Amino acid sequence: MRSRFLRLLTVIGLMLGSVGLGAALGPAPASAAYGAVKWPASGVITSRVDDRCPGYDNHDGYDIAGNYRSVVSAAYSGSVSYIGYDTGGYGNYVIISHVNGWSTLYAHLDGYVSRMRVGEYFNRGDGIGYMGYTGGVSPPGVGGTHLHFEMLRYNSPQVWNSAGSCGQSVTRGNSIPFDFVGLN
Ligand SMILES: [Zn+2]
C-alpha cells in the first residue's frame, strides 16, 4: 500500500513536472531572431513587397505613410554603407549594412540627422532622418509623404509580407513580427 502510494505520487509528480515545464516554455518561439528588427517609422502600411495594397506592383519594400518630418530610425544596428539621391525614384535614400548579409534601405527622406555619413554606426532605434516625399511619390508633394523601407539580403529585396497588413498602423520602435534569419 505504501509503495503503491509512493508510486502514485511519483506519477503525479512527473505529470505536474511536465505540465510545469510546458507552461514555462510556452509555445516554441520561431527563433531568437523573431521581432529583433524594429519598425523604422510610425504610420500606415500602404504598400508591401510586390503589393500595392491592393494589386500587384513591382515594389521592393514596404511603404509607411506618416507625418511629414517625423523621425525615421534604424530598424537594426549597423553602419551606413550608402547615401544617395535618385531623382525619379528613391529621392534621398540611405542604406545601412548589418550582419549576415542583411541591409536596410530607407527612401524618400526629407533629410538626415546631422551625423549621417558613410561608415557612421547607428544603433537599432537611433534616428537617421526624417520622413518626406523626395523622388517619385504619388501623389507628389507633402500628400505623398511616406517612408519606403526595404529589407535586403545580399542586396536582394526580401519578401516579408506576413509581418504587416495593408492599412495597418505601425509604431516606430515596435518589433516587426517576422523572423529575419541571422538578425538576432
Ligand atoms: Zn515604396
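A residue counts as buried when its relative accessible area is under 20%. Aspartate 63 has 3% relative accessibility, so it is buried. Histidine 148, at 5%, is buried too. This is a predicted model.

Aspartate 63 sits in strand S2 and histidine 148 in strand S10. The two are 85 residues apart, so this pair links distant parts of the chain.

## Nonpolar cores

The largest nonpolar core holds 33 residues. Tyr106, Ile128, Trp160, Ile176 and Phe180 have the most contacts inside it. Strands S2 (62-65), S5 (91-97), S6 (102-109) and S10 (147-153) each give two or more residues to this core. A second, separate core has five residues, including Tyr93, Ile95, Leu105 and Ala107.

Isoleucine 176 also has contacts beyond its neighbours within four places in sequence. Among them are Gly35, Val37, Trp39, Phe149 and Trp160.

## Disulfide

The whole structure has one disulfide. Cysteine 53 and cysteine 166 form it, with sulfur atoms 2.1 Å apart. The link is left-handed, with -75° about the S-S bond.

Cysteine 53 lies in the loop between strand S1 (43-47) and S2. Cysteine 166 lies in the loop between strand S11 (156-157) and strand S12 (169-170). They are 113 residues apart. Cysteine 166 is partly exposed, with a relative accessible area of 35%.

Methods: Residues numbered from 1 in each chain as written. Predicted model: local features only at pLDDT ≥ 70, side-chain atom pairs only at ≥ 80, totals over all residues. Heavy atoms only, no water. Core = buried A, V, L, I, M, F, W, Y, C linked by side-chain atoms within 4.5 Å. Buried < 20%, exposed > 50% of the residue type's maximum accessible area, 1.4 Å probe, protein only. Helix = DSSP H or I, 4+ residues; strand = E, 2+ residues; numbered from the N terminus. Contact = heavy atoms within 4.5 Å. Disulfide = S-S within 2.5 Å.
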